[in-house]
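Keep the sequence and the 3D view open side by side.

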Amino acid sequence: MARNKEALVLLLDVSPSMHNILQEVEKVCSMLVQKKLIYSKYDEVGVVLFGTEDTNNDLTTEVGGYEHVNVLQQIRVVDKDIVEALQQLPRGTVSGDFLDAIVVGMDMLIKKFGPTNKGKKRLCLVTKAHCPVKAPYEGTEEDQVNTISAQMLAQGIKMDCIVPRGKQTVDGNGGVMEENDHLLGVFSKKSSSKVVYVESPTSLLGALRTRRISPVTIYRGDLEISSALKIKVWVYKKTAEEKFPTLKKYSDKAPPTDKFATHEIKVDYEYKSVEEPSRIVPPEQRIKGYRYGPQVVPISSAEWDAVKFKPEKSVKLLGFTDVSNIMRHYYMKDVSIFIADPGNKKAILSVSALARAMKEMKKVAILRCVWRQGQGNVVVGVLTPNVSDKDNTPDSFYFNVLPFAEDVREFQLPSFSNFPMSRQPNEEQQEAADNLVKMFDLAPTGKEEALQPDFTPNPVLERFYRHLELKSKHPDAPVPPLDDTLKKITQPDPEILSECKSVVDEFRRLFELKENPKLKKSAKRLLRDKPSRSDEEGEGSGNANDVGAVKYIENKSAGNIDKIGDLTPVQDFEAMMSRRDSPEWVNKAIKDMKNKIFDMVENSCEGDTYQKALECLVSLRKGCILEQEPKQFNEFLRHLYKFCQEKDLNNFCEFLASKGVSLITKTEAVDSEVTDDEARSFTVKKEPKHEEERGVNSLL
């Protein structure tokens, strides 16, 4: 742990131009040290303020100059005192020169570690860069930056520059800011520096990282395009989930006088025999097992090792496909990045050529990856080109894991087009819904994106760190309220909502919210609320539809609908289709509905049941679409037409044709084999035949 420690020097601008955001800087910097106390207790931190009225640094004493730069805290191991010092930063009264601050910070790191120590050394500069830098004695400011950058590279010092303002902001001296932005850009090109511009306190909170994660490759080897073409690549993790800190067991049994007590608790397990509870089973007599139904199947480590899949370490190209064929929601797990082997010019040129060709042709590559020898699984993923727009950054690829067939979840969600016209939105409602969705855009025209992924911290982790720091000082302190900065991540922004109030009001006006009696009201209450037909038609003639609806609700709430009745066949069918306690209910509901429709058509008296049969047929059609059973409906409809022709019930076929009931097409269900033209001509084909039969019958 100690060998991986990092030394960080915070260079904080406290000049008058920073006063309006210093409170946020205090929160961010103190939070940074709090995280180091949790994760990296060996790390060291120093604090340098510039823009102060007083001057306190070694370089001023040794060589002169470097005025208004104050070393608030020398580099030392992180502790609570540094946290408290950062929570109460002084407000400066003079302009701050960030170049002087960088030189002072470098001097502190060099003196602390010396030329032989190759530990991690980092500077973190926080400034608006509103104040001009002093002209050097020789050369230009850019020459001075080049000299500093060369020294930083020689000493292995990295730097993060955080500018808490938009890059196009002009609230200060425009010429000075433009010059300072140019100098910061030179740092990013000439040294291991990164410049980040942020606009909001939320982005500032996410821009200041606890520490730079050292890149560790998960694969080094060949990207096999074919047996004759292989490119040397390195693969790194681009993203990885940050886990919540693990709580550890704590023991208070150690003597209070023991300053070196770890208070750790060690847990040991003993395995005892069921037949002899007093006998401890040694490790060599234990074996793992897997449940297979009610029994446990023991499998020894040797057997398990024999059945393991042991592929060879490799990354192989399976083929190319269009970008449009790989949907964003297919991506799984973390993202990796493929880069050419550093220093290998042929590999760099090959990766660049392949990436640019894929981007030009709008293609992605499908890879089969085994990252290490002995890996127990194979990863299949998509390789997306990442063409760089910077001269000093080579082209690369992003890699996302794709799901296998067992990983895909298919959800058959109904569309508005399946509902009757009365339940579909009109043009005005559709426009209001579109405007509501557009209102949620986090990157409106002319503004920076509100919650940028690179600069948006995890609010759960941030709140935990703050509460932990509070509990370290006051063990009995309650959980504090949510900080205003974190509220902007977890709650709707009141400013944005106020700007879009008219859109929300218009949506609310056009979409009336009503209570669903089938879900919210009991059957008795529904009967009480609904007026009976006896009020209009006299005593004793209650509304049969209401009674049927109540009966349907009672049965559905009890979960005991297992057949399609005569009173409410459509509701019974829908209830059976929605049951998920057994996969057989769908097939049973479809079969029962077919029989019910046949009975209605066959036993009809001058078409008195045709309307009800139509309702059942429409419900059956809709259910077969939702459950991806188009073949069952299409076969049934063909059989029904044939049955009606044999029984001289052609008027029912004409009735269905007038209502537009036809076969389920491929457009409506993927598994259907019926085209749109076949569906349109389905009822038309029967009409000439009917006319011919009627003509023959009349002649006879």
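A salt bridge here is a side-chain nitrogen of Lys or Arg within 4 Å of a carboxyl oxygen of Asp or Glu. Keep in mind that the model is predicted. A search of the whole structure finds 30 salt bridges.

Start with E6 and K36. Their side chains meet in a salt bridge, with 3.0 Å from N to O.

E6 has another partner. It forms a salt bridge with R122, and the closest N and O atoms are 3.1 Å apart. R122 sits in strand β4, residues 120-126, while E6 sits in β1, so this pair ties together parts that are 116 residues apart in sequence. Both E6 and R122 are buried.

Now widen the view. E6, K36 and R122 belong to a network of salt bridges that also includes D43 and D160. Find these residues in the 3D view and follow the links from E6 to K36 and from E6 to R122.

K134 and D100 meet through their side chains in a salt bridge, at 2.8 Å from N to O. The pair links distant parts of the chain, 34 residues apart: K134 is in the loop between β4 and α5, and D100 is in helix α4, residues 98-113. How covered are the two partners? K134 is partly exposed because its relative accessible area is 43%, which falls between the cut-offs of 20% and 50%. D100 is buried, because its relative accessible area is 7%.

Turn next to the strands. Strand β14 spans residues 379-386 and is mostly covered. How many of its eight residues are buried? Six of them are. β14 pairs with strand β13, residues 363-370, through five bridges, and the two run antiparallel. One place to look is R368, whose bridge partner in β14 is V380. β14 also pairs with strand β15, residues 396-401. Six bridges join these two strands, and they run antiparallel as well. Here L383 stands opposite F399 of β15.

Which residues form the positive patch? They are K194, R209, K238 and K390. Take K238 as the example. It is found in the loop between β8, residues 229-237, and β9, residues 289-292. K238 is partly exposed because its relative accessible area is 46%. That value meets the patch requirement of over 30%.

There is a negative patch as well. E142, D143, E178 and E179 gather there on the surface. The elements giving two or more residues to this patch are α5, residues 141-155, and α6, residues 174-190. D143 lies in helix α5. With a relative accessible area of 40%, D143 is partly exposed.

The surface also carries a nonpolar patch. L37, I38, Y39 and L468 make this patch, which covers about 290 Å². Which element gives the most to it? Helix α1, residues 22-39, does, with three residues. Y39 is found in this helix. Y39 is partly exposed because its relative accessible area is 34%.

Finish with P492. It lies in the loop between α12, residues 484-490, and α13, residues 494-499. Is P492 buried or exposed? It is exposed, because its relative accessible area is 60% and the cut-off for exposed is over 50%. Now locate F440, which is 52 residues from P492 along the chain. The C-alpha atoms of P492 and F440 are separated by 9.9 Å.

Technical notes: Residues numbered from 1 in each chain as written. Predicted model: local features only at pLDDT ≥ 70, side-chain atom pairs only at ≥ 80, totals over all residues. Heavy atoms only, no water. Buried < 20%, exposed > 50% of the residue type's maximum accessible area, 1.4 Å probe, protein only. Helix = DSSP H or I, 4+ residues; strand = E, 2+ residues; numbered from the N terminus. Pairing = 2+ DSSP bridges. Patch = residues over 30% accessible without salt bridge, like charges linked within 9 Å, V, L, I, M, F, W, Y side chains within 5 Å. Areas by Shrake-Rupley, 256 points an atom, 1.4 Å probe, with all protein chains shown as cover. Lys, Arg positive; Asp, Glu negative; His and termini not counted. Charge placed at Lys NZ, Arg CZ, Asp CG, Glu CD.
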